[in-house]
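User: I'm new to this one and would like to know what the labels rest on. Can you take me through it?

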Amino acid sequence: MSFWDRIKPSTPAATATDTRLSPDGSRLELTWDDGARSAATAQLLRQQCPCAACVDEWTNQRTLDQTKVPADLRVKQLQPVGNYALAFNFSDGHTTGIYPWKLLREVTQPIS
């Protein structure tokens, strides 16, 4: 094994190949490059927002009170961020979170 083989990541991170937002914006469904499918509600996505307004940058502690995120929250707009993430515009006006594929894979639930 060469030096270069040892420094390469052993397994590439999963990447979403298809994103589908429900017509009312309440649910996101993802299809992954390994064939898996997963989904999450807009409320769950907002509760897991990784931005500096929702997570303290120094302590990594969540500052967003997740119980205050309404169940009827919607995603108004979805857009890719490069080849590595998605950004959402939520109905509560929040727009600053960038959700990398790895985070989305962790927080979404498998569907069949």
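User: Which residue in strand 7 does Ser38 stand opposite?

Analyst: That would be Pro110. Before going on, a word on the source: this is a predicted model, where local features need pLDDT of at least 70, side-chain atom pairs count only at pLDDT 80 or more, and totals for chains, interfaces and linings use all residues. Residues are numbered from 1 along each chain as its sequence is written, and side-chain values use heavy atoms, with hydrogens and water left out.

User: What makes strand 3 and strand 7 a pair?

Analyst: Two strands pair if DSSP finds at least two bridges between them. Strand 3 (residues 37-41) and strand 7 are joined by 3 bridges, so they meet that rule. They run antiparallel.

User: And how do you know what counts as a strand or a helix?

Analyst: Both are DSSP runs numbered from the N terminus: a helix is H or I over at least four residues, a strand is E over at least two. By that count the protein has 3 helices and 7 strands. Read from the N terminus, the order is α-β-β-β-α-β-β-β-α-β.

User: How many bridges join strand 1 to strand 2?

Analyst: There are 5, between residues 16-21 and residues 27-32, and the two strands run antiparallel. Within that pairing, Leu21 is across from Leu28. The two strands form a hairpin with 5 residues between them, and Gly25 in the turn has a positive phi of about 80°.

User: Why is Leu30 called buried?

Analyst: Buried means under 20% relative accessible area, exposed means over 50%, and partly exposed is in between (1.4 Å probe, protein chains only). Leu30 comes out at 1%, so it counts as buried. Leu30 sits in strand 2. Across the protein, buried residues make up 31% of the 112 residues.

User: What does Leu30 touch?

Analyst: Contact here means heavy atoms within 4.5 Å. Leaving out residues up to four places away in sequence, Leu30 touches a list including Ala16, Ala36, Leu86, Leu104 and Thr108. Leu30 and Ile111 are 81 residues apart in sequence, yet their C-alpha atoms are 9.4 Å apart in space.

User: What makes a group of residues a nonpolar core?

Analyst: The members must be buried Ala, Val, Leu, Ile, Met, Phe, Trp, Tyr or Cys residues, joined through side-chain atoms within 4.5 Å. The largest such core has 23 residues, and among those with the most contacts inside it are Leu30, Leu45 and Phe88. Strand 2, helix 2 (42-47), strand 5 (85-90) and helix 3 (101-107) each give two or more residues to this core. Helix 3 gives the most, with 4 residues. Leu45 touches residues including Leu28, Phe90, Tyr99 and Val107, not counting those up to four places away in sequence. As background, nonpolar side chains tend to be buried together in soluble globular proteins.

User: Why is the pairing of Asp24 and Arg74 called a salt bridge?

Analyst: The term needs a side-chain nitrogen of Lys or Arg within 4 Å of a carboxyl oxygen of Asp or Glu. For Asp24 and Arg74 the closest N and O atoms are 3.9 Å apart, so the pair qualifies. The pair links distant parts of the chain, 50 residues apart: Asp24 is in the loop between strand 1 and strand 2, and Arg74 is in the loop between helix 2 and strand 4 (75-81).

User: Are Asp18 and Arg20 exposed or partly exposed?

Analyst: Arg20 has a relative accessible area of 55%, so it is exposed. Asp18 is at 26%, so it counts as partly exposed. These two also form a salt bridge, with the closest N and O atoms 2.8 Å apart.

User: What joins Arg27, Glu29 and Arg37 into one network?

Analyst: Salt bridges that share partners do. One of them is between Arg37 and Glu29, whose closest N and O atoms are 3.2 Å apart. Arg37 is partly exposed at 33%, and Glu29 is partly exposed at 26%. The structure holds 7 salt bridges.
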